[in-house]
Structure formats: structure tokens, C-alpha cells
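Hi,

Here is the structure I promised you. Have a look at it first, and my notes follow below.

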Amino acid sequence: MSDYYSSYGVVLAVLTAGALLVAVAFTTARLVAPNAPNREKLTTYECGIDPVGDGWSQSHVRYYVYGFLFVIFDVESVFLFPWARVLESIGYAAVVEMTIFIGILAVGLLYAWRKGVLRWA
Amino acid sequence: MSAQEYAFTVLAVVGGLSAIAVVTARNVVHAALYLVVTLLSVGGVYLLLGAEFVAWVQILIYVGAIVILFLFGLMLTKAPIGRDTLDNQQRWLGALVGVGVFAGLVFLIQEAFPVQDAERFETFHATTDAVGESIFRNYVLPFEAVSFLLLAALIGAIVLARKDDAS
């Protein structure tokens, strides 16, 4: 158990080092860089072109379906991790179980495809 | 205090403060981003409890996917941002429900895991192997049922989001 915590101590150290790196870089930039703002400089940078419209714009509902598909298959992929760990000890039974699981979800993907929501028209 | 207790205190304070920020933020997008911090803290607490797999699932699914879905949902709405439009007049009712849920959870958890038994759980560490063993050996049927749940959610989302060309 103490092994477990000390191994996450390494993760914590990496996270701290990463946060420090960003903090130091930004603080140094703020201290060292000259600061002479004007109206042009303070506009939102949008690929070098003058920004058009508001920051808040409504997007099409079809993006939501893609987001939702991502969530569904994200949940599916989470089950693959413990499955991969026990595949060797359980054997073919585990393969069949996972095939059924993915097969049922594939029906959903097939439905999405047949209904044409995957087509970018 | 041990290192774990210090870590828990930090996570609890950060998680609690960002949870308050979620409901008080004036901008809904900021609220969603504060939610990321809250969910990360919850993930950290799971890690401290030795539930490694659950912790990473929490971060992968909630931070990586659910919040993305929230942000997509926000982008779809024409929601005006501002205090008046986000607030409604049911604060006291909300507070009452919140206190009720908190009291209920404290009671249930206290009944299920009494403080006297805390030593029993001290060396508990659920490995991914153990999770896999229990899902793919003992709980195969619930696991397959999950796929039907996901399928139903997927088809429901498509039916709601699709523009029907035929009719």
C-alpha cells in the first residue's frame, strides 16, 4: 500500500514540476516583456483577420451527435482496460463477452450510419 | 496528520471551493470549467482511497467526456449569459434539497461503513486486475446490460438530434 502511494508521489512531483514550468514562464514573460497596449493589439487574435461577430455563437445540433458518440465509445473503451488485464487468465469466455458488448454497441453505430447522422451534408 | 490526510484536506478544500464556484459563476462556460476542477478533486480522492481504476475512469469519463458534452450543450443553446437569466427564485428549496441529500448520504454511509471499522479498509487497494476479474467472471450479465443502456442512450440522442428529412 505504501508502494502505491509513493508511486503516486512521482505523479504528484511531475504535476508540480509542470505547473511550476508554466508559472515561471508566464511570470518571467510578464516581468521582462515590455507592455505597450493599443486598441489594435487588444483585439481578439483570429488567425490574423479582424474578428467577426460575437464570441458566443450557436452551433449546429449535429455536433452534439458527434459529442455523444464520443462519450458512448469512451465509456465502452473504459471497459477494455480491465478486460485486457484479465484476458489471459479467463480466456475465450472473455473474448465472447467483449464481442457481445461491442456488437450491441455496433448496432447503435449502424443505426447512426443508416440514419445518415454521420454524413456531413 | 499523515501525508494522505494532508492530500485529502487539500483535495477536499479545492473540490469544495470549486463546487461553490460552479453554482455561483456568472458565466455558464466558467461554471463548466470549475466543474472540471471539482471532478478532478473527486478523482484525486478516489486515488487516495486506493480505488485506482475508478479514479482514472472518473477523470477519463467525467472530465474527458461529460464536461465536453456539457460544453457542446452550451454551444447549442442561445443561452444569454448573465446573473438574472441563470437564477431562479427557488434558492431556499434548493438549499433544503441540498441539506436533505447531504444528511441522507451521511446517515447511509455512516450505517454502511461505521468509523470503528476504519482499520479494515486501511490497506484496501482495488487493482484493475481485481476489477476485471469481478466484471468478467462474476458480473457478466450486468456488464452486457450496460451495453444495452449505452445503445438506448445513443439511439435516443440520434432520434432527438436528427432533422427528419422524410417527413
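Gly116(A) comes after H4(A) and has a positive phi, near 80°. (Helices here are DSSP runs of H or I with at least four residues, numbered from the N terminus.) This is a predicted model, where local features need pLDDT of at least 70 and side-chain atom pairs pLDDT 80 or more, while totals for chains, interfaces and linings use all residues. Residues are numbered from 1 along each chain as written, chains are lettered from A in the order written, and side-chain values use heavy atoms, without hydrogens or water.

On to the interface. Chain A puts 43 residues into the contact and chain B 54 (contact means heavy atoms within 4.5 Å). How many salt bridges are there between chain A and chain B? The count is one (a side-chain nitrogen of Lys or Arg within 4 Å of a carboxyl oxygen of Asp or Glu). Arg85(A) pairs with Asp129(B) in a salt bridge, with the closest N and O atoms 2.6 Å apart. On the side of chain A that touches chain B, H3(A) gives the most, with 20 residues.

Cheers

Methods:
Helices (H or I, at least four residues) and strands (E, at least two) are DSSP runs, numbered from the N terminus.
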